[in-house]
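Hi everyone, thanks for coming. I'd like to walk you through one model today, so please have a look at it with me.

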Amino acid sequence: MLQTVVHYFLHFIFIGVIAYWYDRKNWKKGWLILLATMLVDVDHIVADPMFMADRCGIGFHPLHSEYVIPFYFLGAIFLRRSVLKLVAIGLAFHMITDSIDCFWMYAKCADCKLSAVFNSF
Ligand SMILES: [Zn+2]
């Protein structure tokens, strides 16, 4: 229960803090942009089954894979201040949020290997 609350708090509420930190004059617009980065979860559609409790999405879904995650962080760090940079920040934070969830699952699982929880990592 706490895990779910923390997960959705980070995904939907805390990003408002990030938007405020990024540009306090336009934080509401920034928040909406960060909310829009939740669309990265559209890659769950190609998953089979589409939803599975206790599955770590990091390393499993295409837009949550080790091939694209570095680009989110590189964009967040190196892009010029712009909407695209905010999108990259949102995507990078999304991956951090999902990773926290995976570590939390791992902590609850007595005989899991971390590599098994994070799929391909
Ligand atoms: Zn996700």
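So, where in the chain is confidence lowest, and where is it highest? It is lowest in helix H5 (residues 114–117), with a mean of 67, and highest in helix H3 (residues 69–78), at 98. That confidence is pLDDT, the predictor's score for each residue from 0 to 100, and helices here are DSSP runs of H or I, at least four residues, numbered from the N terminus. This is a predicted model, so local features need pLDDT of at least 70 and side-chain atom pairs count only at 80 or more, while totals for chains, interfaces and linings use all residues. Residues are numbered from 1 along each chain as its sequence is written. The chain averages a pLDDT of 90, and 94% of the residues score at least 70. Where pLDDT is low, the predicted coordinates should not be read in detail.

Next, the helix pair. H1 (residues 2–22) and H2 (residues 27–36) pack at about 130°, axes 8 Å apart; axes are lines fitted to C-alpha atoms over the stretch in contact, and angles run from 0 to 180 degrees between N-to-C directions. H1 and H2 are therefore oblique to each other, a class left over once under 35 degrees is roughly parallel, over 145 roughly antiparallel and 65 to 115 roughly perpendicular. Which residues make the contact? From H1 come Ile15, Gly16, Ile18, Ala19, Tyr20 and Tyr22, and from H2 Trp27, Gly30, Trp31, Leu34 and Leu35, where contact means C-beta atoms, placed from the backbone, within 7 Å.

Note on methods:
Helices (H or I, at least four residues) and strands (E, at least two) are DSSP runs, numbered from the N terminus. Two residues are in contact if their C-beta atoms, placed from the backbone, lie within 7 Å.
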